[in-house]
Amino acid sequence: MKPYIHKINYYETDKMSITHHSNYIRFMEEARLDFMDQLGWGYAKMEEQGIISPVVSVTCDYKKTTTFPDVLSIEMSVIKCSAVKLVLGYTMKCNGVVACTAQSSHCFLSQEGKPVILERQFPEFYAALKELEESKE
């Protein structure tokens, strides 16, 4: 999978001229959308299939500040994939140096809010995620 690239915008910085910490959550969402598109299961396709994927939790460990106009390269990985939960990893680098590591956890629900068992209801999608999980081992 190709890394997602994000150029820090001026408005994403704070009074100290560094990227505000809350923006990294937005960068994660941008990278996640791109990752799912590359996987062939973009959010538009999932919604057409009746799946929604809310965020259950997010963690970020900030390692180095970034500023305008730095460029972040965001590498994605599947940390864990089960029948009902997906944990994604994010490594954000600026000039080859890790600026932030993060994780997000997601569940899969029908548009009515009922749990979706990916392995049973969308086996191709589940298999693609499992393959990425296993490839990191």
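In this predicted model, the buried residues of helix α1 are Asn23, Tyr24, Phe27, Met28, Ala31, Arg32, Phe35, Met36 and Leu39.

**Helix α1**
- Helix α1 consists of 17 residues, and the distance from its first C-alpha to its last is 24 Å, close to the 24 Å expected at 1.5 Å a residue.
- Glycine 40 follows α1 and has a positive phi, near 90°.

**Helix α4**
- The 13 residues of α4 (residues 123-135) should span 18 Å at 1.5 Å a residue, and this agrees with the 18 Å between its end C-alpha atoms.
- Phe125, Tyr126, Leu129 and Glu133 are the buried residues of α4.
- Viewed down the axis of α4, its buried residues fall within an arc of 95°, and therefore they line one face of the helix.
- An α-helix has 3.6 residues a turn, so residues three or four places apart point the same way.
- Glu124, Glu131 and Ser135 are exposed on the other side of α4.
- The elements against which the buried residues of α4 pack are α1, α2, β4, β5 and α3.

**The nonpolar core**
- The largest nonpolar core has 33 residues, and Leu72, Met92 and Phe125 have the most contacts inside it.
- At least two residues of this core are supplied by each of α1, α2, β4, β5, β6 and α4.
- Helix α1 provides the largest share of this core, seven residues.
- Apart from its neighbours within four places in sequence, phenylalanine 125 is in contact with Met36, Leu39, Trp41, Met46, Phe108 and Leu118.

Terms used
Residues numbered from 1 in each chain as written. Predicted model: local features only at pLDDT ≥ 70, side-chain atom pairs only at ≥ 80, totals over all residues. Heavy atoms only, no water. Helix = DSSP H or I, 4+ residues; strand = E, 2+ residues; numbered from the N terminus. Expected span 1.5 Å × (residues − 1). Buried < 20%, exposed > 50% of the residue type's maximum accessible area, 1.4 Å probe, protein only. Arc of directions from axis to C-beta. Contact = heavy atoms within 4.5 Å. Core = buried A, V, L, I, M, F, W, Y, C linked by side-chain atoms within 4.5 Å.
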